[in-house]
Amino acid sequence: MKSFFRHALQALILLMVALVSGLLAMRFAIHGREVAVPDLVGKTPVEARRVADASGFQFEVERQYYSPRMQEGRILSQLPPAGTKIRRGWQIRVAQSMGPQRMEIPNVLGQSQRAAELNIRRRGLDVGAVAQIQLSSAQADQVIAQDPAPSASSISVPKISLLAAQSPSPQAFVMPSFVGQTLGNVDAALKDAGLKVGVVTETAPHAESASSPSPAPVPGATAGPARQIA
C-alpha cells in the first residue's frame, strides 16, 4: 500500500513539473516573438514603412492633421507608441502632418447641402459629418451651421461638418376609437381635430362587415388634415 502511494505521489510530481515546464515554454515562445515598436515620428511615410517592415510590423497612414510644429509630409504621431513591446506582424497606425493650416475655411452658410459640399471639396477640404434638423425658419436642404466656423484658424483636421435644414414632415393625426360613442360627440371631436365626417351609414346590429360601403380608418391609424372619415 505504501509503495502504491509513493508511486502515485511521484507521478503527481512529474505531472506538475511537466505542466510548469509547458507553461514556461509557452511564455517564452510568446514573449520571445515580442519586439519594441520603432520610433517613426518625424520620418517620411517611405522611411517609416521601411523601418516598420524591417522590424516585422505592418504600417498604415490612418489620418492627416494640420500641425505648426511638424514639417508637412512627416509622421506626426503613432500608435502603439515607440518602445512598446508587441508581437511581430501587428499594425502600426500613424498620423501624417499637413504642416501649418494654409487654407481658409469657406463660408457655406445659406447654401444648399450639395452646393456646400462641392465648394468644400473644391478647396481641397473634406466633408465631415452631415446632420439634418427640422427647422421651420429655414428652407429645406439649406445649410444652417458648419464646424469649423467660416474663416476659423488653428484647426487640426481638414474637414467641415454641416447641419442642414430638413423638410418638415406632413401633419398627421392618430385616429382615436369612436366605438360606442354617439354620432354627435364623434362629429364634434372630428371637427376639432380638423377632420370631416363623410358618409354616415346606418346598419343593423351584427350586420356583416361586407355590407359597409367603404372601410373607415381603424383606431391608431394616421390620417392627414381635412380627411373624410366614412
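Tutor: A nonpolar core is a set of buried Ala, Val, Leu, Ile, Met, Phe, Trp, Tyr and Cys residues joined through side-chain atoms within 4.5 Å. The model discussed here is predicted.

Student: How many residues has the largest nonpolar core?

Tutor: Its members include Y66, M98, I105 and V108. Helix α3 and strand β8 each supply at least two residues of this core. Apart from it lies another core, of 11 residues, with F59 and I92 among them. The count for the largest core is 12 residues.

Student: Which strands stand at the edges of the open sheet, and why is one side of each left without a neighbour?

Tutor: The sheet has 3 strands in the order β6-β8-β7, and the pairing is mixed. Each edge strand has a single partner strand, so one side of it has no neighbour in the sheet. The edge strands are β6 (126-134) and β7 (143-147).

Student: What is the bridge partner of Q132 in β8?

Tutor: Strand β8 covers residues 159-166 and runs parallel to β6. The two are joined by 7 bridges. In β8, Q132 has as its bridge partner A164.

Student: At about what angle to β6 does helix α3 run?

Tutor: Helix α3 is formed by residues 113-122 and lies across β6, β7 and β8. Angles are taken between N-to-C directions and run from 0 to 180 degrees. For α3 and β6 the value is about 165°.

Terms used. Residues are numbered from 1 along each chain as its sequence is written. This is a predicted model: local features need pLDDT of at least 70, side-chain atom pairs count only at pLDDT 80 or more; totals for chains, interfaces and linings use all residues. Side-chain values use heavy atoms; hydrogens and water are left out. Two strands pair if DSSP finds at least two bridges between them. Helices (H or I, at least four residues) and strands (E, at least two) are DSSP runs, numbered from the N terminus. Contact means heavy atoms within 4.5 Å. Buried means under 20% relative accessible area, exposed over 50%, partly exposed in between (1.4 Å probe, protein chains only).
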